[in-house]
Amino acid sequence: MTDKDFSIETKLIHAGEPNPRIKGAVSMPIFQSSNFEYEGETSYDSVRYIRLNNTPNHVALHQKLAAISGAEAALVTSSGMSAITTALLAFLKSGDHIMAHNTLYGGTADYVVHDLPEYGIEFDFFDALNSEDWESKLKSNTKVIYVETITNPLMDVAKLDAVVQFAKKHNLVSMIDNTFASPLLFSPIKNGFDISLHSATKYLNGHSDIVAGAIMGSQAHISQVNSKLIHLGGSLDPNSCFLLQRGMKTMSLRMERQCENAMEIAHFLENHPKITQVNYPGLKSSKSYENAKEFLCGFGAMISFELEGDVAVADAFIQRLEFAINAASLGGVETLVTRPVQTSHSLMSPLEREKAGISDTLIRYSVGIESANDLIADLKQALG
Ligand SMILES: *Cc1c(COP(=O)(O)O)cnc(C)c1O
């Protein structure tokens with residue numbers, strides 16, 4: 001059997017694992033060694049050293065990540081932001097221009113707006129839900145188009161096939177931050193994107209105990225990113241590699257439960273009189289429902305919503321929740337709740353947030369693997 005014959009659930013367990021097993025170890029050991037004995041390597045890139053992303057723990061993870069993504073190659077990085085910034089710098093240089101989705105993750109938006117111009121790289125934001133204005137944003141020096149699969153925190157799903165077609169037509173490198181969907185709900189590479197980016201901190205690892213990133217693509221693209229990564233130095237340490245490899249093994253089970261829970265909770269919220277707005281692409285009322293149904297294998301486990309009242313009301317509600325932990329980040333087994341304006345989007349100016357449609361009272365809820373009944377009972381008491 002070749003790799004292609006297996007489903008993603010099987011690959012999460014078996015792909016990339018050493019064969020034969022090292023000393024018979026069923027779980028891949030941690031190689032806590034910065035450097036390795038010279039074995040006749042012929043280039044700098046193949047000298048084994050943690051920063052060069054080529055120790056046994058890296059190699060195993062790269063193979064697993066590539067296999068589950070249908071990609072030729074993959075890289076792990078020290079964080080999601082390291083994956084994003086390294087990939088951008090690998091394909092953009094002074095004088096270039098990037099077209100970026102207008103509702104990016106807060107850290108990415110801030111990087112595009114405040115850091116890229118310092119390197120002489122221009123940007124324009126575009127409305128990824130409406131392909132009519134894309135041509136007008138294109139410039140002769142546009143090199144990269146960058147989108148997110150499910151946007152944070154409004155959970156929009158763009159016309160992903162149109163983004164790929166636009167990129168191919170205009171010879172752009174297409175990049176997608178697939179963090180909120182995870183490789184289980186959307187496969188960027190199989191759908192024609194050049195570079196798939198993830199904060200592996202979230203669903204890939206799933207246990208809120210490491211920070212890591214992942215990049216998938218063709219061998220040529222990944223080699224180009226790797227050259228940048230070994231200069232910028234955003235390598236993942238072996239201990240975190242081990243935790244990520246372990247976390248990935250249960251991703252399909254976690255994701256399944258989290259998506260099921262999220263659908264139940266979204267319906268509960270939508271029908272609650274004190275809730276004025278629910279953003280979840282699995283709801284028929286969502287403007288992203290059709291796109292989500294067309295492109296994704298599930299609707300994800302991130303919900304945002306607004307309740308009647310001001311910021312004080314929203315904060316009091318968050319305080320009253322018993323199970324949902326008031327913390328930024330997402331994608332772990334435990335349910336988390338946050339007000340994006342206070343956390344993930346606090347770097348954006350009020351004007352930038354207003355343009356992106358992120359209100360001060362918006363609440364973001366990352367659904368965990370607890371029982372949906374218990375989570376709903378908790379929401380009910382906090383709203384009551
Ligand atoms: C968390 C997150 C990032 C940043 O990842 P880190 O691992 O925190 O560096 C980027 N994009 C999205 C969509 C995220 O949720």
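**Strands, ligand shell and loops in a predicted model**

Strand β5 (residues 173-177) pairs with β6 in the parallel sense, over three bridges. Strands here are DSSP runs of E with at least two residues, helices are runs of H or I with at least four residues, and both are numbered from the N terminus. Two strands count as paired if DSSP finds at least two bridges between them. This is a predicted model, in which local features need pLDDT of at least 70 and side-chain atom pairs count only at pLDDT 80 or more, while totals for chains, interfaces and linings use all residues. Residues are numbered from 1 along each chain as its sequence is written, and side-chain values use heavy atoms, with hydrogens and water left out.

Strand β7 (residues 213-217) runs antiparallel to β6, and four bridges join them. Another of the partners in β7 is G213, which belongs with S199. Strands of a sheet pair through backbone hydrogen bonds, either parallel or antiparallel.

Is β6 enclosed or open to the outside? Five of the five residues of β6 (residues 195-199) are buried, so the strand is largely enclosed by the rest of the structure. Buried means under 20% relative accessible area, exposed means over 50%, and partly exposed lies in between, with a 1.4 Å probe and protein chains only. In a regular strand the side chains alternate between the two faces of the sheet. In β6, I195, L197 and S199 are on one side and S196 and H198 on the other, and all are buried.

The neighbouring strand can be read in the same way. β7 is mostly covered, with five of its five residues buried. G213, I215 and G217 point one way from β7, A214 and M216 point the other way, and all of them are buried. β7 also pairs with strand β1 (residues 73-77), in the antiparallel sense and over five bridges. In that pairing, L75 has I215 as its bridge partner in β7.

The ligand comes next. Which residues come nearest to the ligand? Of the 14 residues around the ligand, they are M81, D177, S199, T201 and K202; a residue is near a molecule or strand if one of its heavy atoms lies within 4 Å of it. By type, the shell divides into seven nonpolar, five polar and two charged residues. In this grouping Ala, Val, Leu, Ile, Met, Phe, Trp, Tyr, Cys and Pro are nonpolar, Asp, Glu, Lys and Arg are charged, and the others, Gly among them, are polar. Helix α3 (residues 80-91) gives the most to the shell, with three residues.

D177 has a polar side-chain atom 2.7 Å from a nitrogen atom of the ligand. For T201, a polar side-chain atom lies 2.6 Å from an oxygen atom of the ligand. K202 has an N or O atom in its side chain that is 2.8 Å from an oxygen atom of the ligand. Taken alone the ligand exposes 380 Å², and the protein buries 91% of that; accessible areas come from the Shrake-Rupley method with a 1.4 Å probe, and for residues only the protein chains shown count as cover.

A further sheet is open and consists of five strands in the order β8-β9-β12-β11-β10, with mixed pairing. β8 (275-279) and β10 (325-326) stand at the edges, each with a single partner strand, so one side of each is left without a neighbour in the sheet. Within this sheet, strand β9 (residues 302-307) and strand β12 (residues 363-366) pair in the antiparallel sense over four bridges. F305 stands opposite I363 in β12.

The last stop is the loop between β4 (142-148) and α6 (160-169), where N152 lies. N152 is buried, with a relative accessible area of 1%. A cis peptide bond, with omega of about 5°, joins N152 and P153. M155 lies in this loop between β4 and α6 and has a positive phi of about 60° although it is not a glycine.

Technical notes:
A polar contact is a pair of N or O atoms within 3.5 Å; within protein, one must be able to donate a hydrogen and the other to accept it, and residues adjacent in sequence count only if both atoms are side-chain atoms.
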